[in-house]
Amino acid sequence: MRYKDLHTLSVENPRFFWRQRMNLIDWYEEPEKVLYEDEEGLSRWFRGGKLNTSYLALDYHVNNGRGRQVALYFDSAVTHTKRRYTYRELRDEVALFAGALRAQGVEKGDRVIIYMPMIPEAVIAMLACARLGAVHSVVFGGFAPHELAVRIDDAKPKCLITASCGIEFKNIIDYKPLVDKALEEAIHPPTSVIVFPRPHAKAKMLAGRDHDWHELMHSAEPADPVPVDSADPLYILYTSGTTGKPKGVIRDNGGHAIALKYSMKTVYNINPGEVFWAASDVGWVVGHSYIVYGPLIHGCTTVLYEGKPVRTPDAGAFWRVISEYKVSAFFTAPTAFRAIRKEDPDAHLKRNYDISSLRTLYLAGERLDPPTYEWLTQILDVPIVDHWWQTETGWPIVANPMGLEPHRVKSGSASFPVPGFKVEVLDDEGHTVPAGKMGNIVIKLPLPPGCLPNLWQDSDGFRKAYLSRFEDYYDTSDGGYIDEDGYVFIMGRTDDVINVAGHRLSTGEMEELIGGHEAVAECAVVGIDDQLKGQLPIGLVVLKDGVNVENEVLEAELIALIRKDIGAVAAFKKAMVVKRLPKTRSGKILRKTIRRLAVEEQIITPPTIDDPAIIMEIRTALRDHRVGQYANTTLGESESDGI
Ligand code: COA
Ligand code: AMP
């Protein structure tokens with residue numbers, strides 16, 4: 001069946017469509033019902049199905065002739081280490097570590113926090129949790145102790161797994177002191193901490209609580225996969241929302257396994273036995289879905305790369321890895337290629353490597369901006385596929401379906417809705433907008449398998465954040481349009497989330513922190529365009545009356561504050577004092593207007609503004625800091641007193 005017919009079938013008769021795909025995986029017990037409502041009235045997939053995701057990712061392949069195939073290549077450009085694990089070796093390591101976790105009291109349903117760098121033990125820890133039916137929550141290593149503490153208190157884990165350090169370019173980042181600080185701050189710290197010792201840093205251990213990875217492995221008994229229900233959570237992944245409280249996105253076991261398996265062929269056009277590389281981090285959704293679970297469930301070889309696109313050691317790093325491991329499908333964020341282009345504009349370094357194994361390049365995490373797309377088409381002979389998705393969905397919503405029916409690419413568009421997703425564009429009142437007109441991008445309910453069924457212990461928050469604005473639709477908080485040929489263009493967030501180097505961050509959270517500084521009366525944080533990272537946060541600050549502080553001093557304090565509480569990854573490097581912020585006549589800060597001032601040349605001054613002259617001042621101030629027009633132009637809707 002061709003793409004169009006298949007897509008129509010998937011959205012008009014989702015039960016039938018997904019029943020047909022139910023046997024993509026090896027269930028212990030087949031589901032009795034494809035789609036149903038849980039006790040909270042939320043849609044769920046595959047009731048009655050029993051499975052184990054670690055079994056599907058490892059044992060299934062060992063039992064079916066892939067035991068000696070490489071499951072994972074580890075390539076650390078920062079430590080000059082290379083290692084490979086066959087499916088059998090990885091299965092055995094995972095089974096043993098699952099036994100070690102069990103010995104620490106971890107059982108089905110318990111939460112485990114993983115705060116680790118890009119080393120195989122991070123993957124082993126994730127799969128070991130899955131093996132026991134425990135729920136992992138990986139926290140990206142670039143987050144500060146406070147962020148880790150917030151996630152610990154929400155997930156209430158029994159155990160935390162970490163390593164003695166991460167390595168960023170040449171810098172050793174000691175993880176253990178960060179973990180200790182988070183545990184001091186947390187109200188619900190875990191009783192057990194497991195530390196993987198790396199030779200580059202020694203961790204200080206607390207007797208009774210902290211355990212050495214190797215010592216536990218030494219005395220562990222391997223654990224078999226524990227059957228879980230389809231709807232049981234596999235993991236929680238926290239992602240930035242509009243406030244300081246991150247959202248705990250839940251991924252179930254059954255829908256997730258089916259969706260990822262389906263996507264590997266349909267979207268990524270890759271076959272079992274081939275090499276798939278996602279150059280991301282296990283702390284992000286891309287790492288969960290396409291470094292770990294997707295490629296392994298599909299029987300591919302995955303690559304775990306510890307390094308950067310540039311300066312580890314040079315801008316040829318990606319070409320080297322593709323050539324060395326004969327990568328067929330490669331996936332990264334546009335920002336990585338902007339970094340490469342900056343250092344090697346003519347891609348000279350590519351000539352040193354044979355990258356003929358590469359069939360397709362996939363990009364996501366932010367919009368593939370047309371200049372980067374053009375550059376990539378000039379230096380590569382393979383299709384360049386922009387595809388759009390979110391932590392919430394776990395797999396692509398809009399993509400060029402390369403394994404089904406590749407389509408002509410339109411620069412700036414992620415192409416077409418993937419089967420399972422009915423994507424529409426609505427105006428603020430919920431009416432469908434005509435082709436080519438900008439609006440709110442929404443997905444008709446039910447969301448397909450693999451997407452978040454709920455937020456961790458926060459159904460009200462789930463409904464409020466995603467389901468309440470447009471009846472019968474999931475609100476993506478992205479804006480854009482669908483053209484007359486059906487191509488979907490995602491233009492940017494409509495909320496207080498920005499995208500910095502492919503990392504999703506909340507400006508609302510930064511505002512909460514800056515607003516707490518003793519000199520600050522009020523503030524707004526917005527994303528300004530940046531040629532490398534797509535967007536960078538910038539703070540506009542109004543001082544309290546009578547406060548006398550030098551701008552540079554205040555800026556340095558605010559930068560340190562954000563770095564301490566959110567982490568280096570926020571890349572908050574600019575703050576400036578302004579006399580006032582634009583407000584409505586009733587005194588509400590016009591944040592959306594400020595966001596638009598940061599990215600657009602001309603904006604219509606909202607009729608409700610109290611002092612139109614302030615617009616000019618802010619625009620001039622922002623323009624001085626902005627560098628080029630880039631990918632993540634944040635949209636703003638019309639703003640009134642009521643917003
Ligand atoms: N642990 C600790 N610190 C980390 C970290 C980690 N895992 N990841 C990033 N950081 C730190 C960096 O060291 C940097 O700190 P600094 O301010 O002291 O220099 C800061 O967080 C910002 O990191 P980043 O945004 O990654 O900037 P960079 O200059 O180090 O690298 C790129 C820029 C473009 C090369 C890099 O962001 C990149 O490769 N991005 C790819 C995007 C990606 O993987 N996206 C995931 C979704 S697909
Ligand atoms: P995350 O949840 O961290 O994966 O971030 C998801 C957000 O990144 C989306 O809501 C979009 O704003 C943005 N995004 C991801 N991929 C794309 C893409 N291909 N095009 C446009 N925006 C994207």
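This is a predicted model: local features need pLDDT of at least 70, side-chain atom pairs count only at pLDDT 80 or more; totals for chains, interfaces and linings use all residues.
As a reminder for readers new to sheets, strands pair through backbone hydrogen bonds, either parallel or antiparallel.

One pairing can be followed in detail: β16 (residues 275-278) and β18 (residues 329-332) run in the parallel sense and share three bridges. Here Ala-278 has Phe-331 of β18 as its bridge partner.

A second open sheet has four strands, in the order β23-β24-β25-β26, and its pairing is antiparallel. Its edges are formed by β23 (423-426) and β26 (488-493); each has a single partner strand, so one side of each is left without a neighbour in the sheet. The twist in this sheet averages 50° from one strand to the next. Between β23 and β24 (residues 439-444) there are four bridges, in the antiparallel sense. Val-425 finds its bridge partner in Ile-441 of β24.

Another antiparallel pair is made by β29 and β30 (residues 534-543), which are joined by 10 bridges. A hairpin leads from β29 to β30 through three residues, and Cys-523 stands opposite Val-541 in β30. How enclosed is strand β29 (residues 520-530)? Nine of its 11 residues are buried, so β29 is largely enclosed by the rest of the structure.

The domain assignment divides it into domain 1, made of residues 3-407 and 419-481, and domain 2, made of residues 497-623. The centres of the two domains, taken over C-alpha atoms, are 32 Å apart. Domain 1 brings 22 residues to the contact, and domain 2 brings 22 residues as well.

The size of an interface is often given as the accessible area lost when the parts come together. For domain 1 and domain 2 this buried area is about 1,700 Å², with 49% of it on carbon and sulfur atoms. On the domain 1 side, Ser-240, Trp-284 and Arg-338 lose the most area to domain 2, and together they account for 25% of what that side buries. How many salt bridges cross the interface of domain 1 and domain 2? The rule finds one.

Salt bridges can also be looked at across the whole structure, where the search finds 35. One of the pairs is Lys-308 with Glu-168, whose closest N and O atoms are 2.8 Å apart. This pair links distant parts of the chain, 140 residues apart: Lys-308 sits in the loop between β17 and α11 (317-325), while Glu-168 sits in strand β9 (residues 165-168). Lys-308 is partly exposed, with a relative accessible area of 24%. Glu-168 also counts as partly exposed, at 35% relative accessibility.

Other pairs have other surroundings. Asp-475 and Arg-469 meet through their side chains in a salt bridge, with an N to O distance of 3.9 Å. Is Asp-475 buried or exposed? With a relative accessible area of 6%, it falls under the 20% cut-off and is therefore buried. Arg-469, at 36% relative accessibility, counts as partly exposed. In the salt bridge between Asp-495 and Arg-493, where the N to O distance is 2.7 Å, both residues are buried. Arg-504 and Glu-392 form a further salt bridge, with 2.8 Å between their closest N and O atoms. Finally, salt bridges can join into a group, and a network of them links Asp-59, Arg-91, Asp-92 and Arg-131.

Methods
Residues are numbered from 1 along each chain as its sequence is written. Chains are lettered from A and ligands numbered from 1 in the order in which they are written. Side-chain values use heavy atoms; hydrogens and water are left out. Two strands pair if DSSP finds at least two bridges between them. Helices (H or I, at least four residues) and strands (E, at least two) are DSSP runs, numbered from the N terminus. Buried means under 20% relative accessible area, exposed over 50%, partly exposed in between (1.4 Å probe, protein chains only). Domain bounds come from an automatic or database domain assignment. Contact means heavy atoms within 4.5 Å. Buried area is the accessible area (1.4 Å probe) that two parts lose on being put together, summed over both. A salt bridge is a side-chain nitrogen of Lys or Arg within 4 Å of a carboxyl oxygen of Asp or Glu. Axes are lines fitted to C-alpha atoms, for helices over the stretch in contact, and angles run from 0 to 180 degrees between N-to-C directions.
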